[in-house]
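Please have the structure open as you read.

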Amino acid sequence: MLEVTRKLVELLDLSPTGDDHFQGDSEDLGFPNVFGGQVLGQSLMAACRTVEGRLPHSLHAYFLRPGNHSLPIDYEVQRVRDGGSFSVRRVIARQDGKEILTGAMSFQGEESGYEHQFEMPAVAGYDDLASESDYVARLMPHIPEKMRDKLDRERPIEIRPIDPVNPLKPEAKPPYKQSWFRAQGELPDDPVLHRCLLAYASDFTFLGTSLHPHGVTFMSRNMQVASLDHAIWFHRDFRMDDWLLYDKDSPSASGGRGFNRGNFFSRDGVLVASTTQEALIRQR
């Protein structure tokens, strides 16, 4: 495992503090606030620590307040129900006693049943694409100096965008985005870890899908953007250290909000997870 990936795995490895409470550290990715994917991944890990013999199949969360990346986060898990087939947990994330996220996660044991899925779209392969880090490196001379240290850093999740947008000179495009994702380096055979890592990674490049038709990015002047909620459904097993295609679209934007949807496909075309998110996309 690469050192940068090991640090991410450790970030998701919460410390128990008693009575279904856990504590996680925060990381500074250069955003003004805690990265939403971090809180999603840690919340899911906290819930998983209270369930045995079942894996998460869905997550629904609301971001209530911006988090402070200089402070740890406390996670309270409430055991809502353990039924014959499903378990449900409620998670509340707090900093300084204030809720920054509330969510619910559902778990299910292995079960067979009807099977169908959407086909993976035909896209350029990951071998033919530059990574997001390579793209940022080419833009570095044009990026404000105060932002360079945050953008020019090694990342545990490698992202190779298809038809990337220049954040400094965006052009209006249809409301679709596609990227290949994978964690850098080999990971343990732990399905809980792989699901928590996907929750973490699913917030990258998602919000921007609803900005595509308007020719703006999060770096555009006077833009206020933030994730409002996030949902994930895990359909099938997968590995985050193998390539996954993240296929996203935005059916609607209105009222200062953008709605986004996504599907994760394995490189052999298996639909492994789906996501939705509504985001604040406000021009001040």
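Arginine 239 is partly exposed, with a relative accessible area of 32% (buried means under 20%, exposed over 50%, partly exposed in between, using a 1.4 Å probe and protein chains only). Its salt-bridge partner is aspartate 189, and the closest N and O atoms are 2.6 Å apart. Here a salt bridge is a side-chain nitrogen of Lys or Arg within 4 Å of a carboxyl oxygen of Asp or Glu. This pair links distant parts of the chain, 50 residues apart: aspartate 189 is in the loop between strand E8 (176-183) and helix H5 (191-201), and arginine 239 in the loop between strand E10 (229-234) and strand E11 (244-254). Helices (H or I, at least four residues) and strands (E, at least two) are DSSP runs, numbered from the N terminus. Aspartate 189 counts as exposed, at 69%.

This is a predicted model, in which local features need pLDDT of at least 70 and side-chain atom pairs pLDDT 80 or more, while totals for chains, interfaces and linings use all residues. Residues are numbered from 1 along each chain as its sequence is written, and side-chain values use heavy atoms, leaving out hydrogens and water.

| Pair | Closest N to O |
|---|---|
| Aspartate 189 and arginine 239 | 2.6 Å |
| Arginine 79 and aspartate 20 | 2.7 Å |

Arginine 160 is buried at 15% relative accessibility, and glutamate 158 is buried at 10%.
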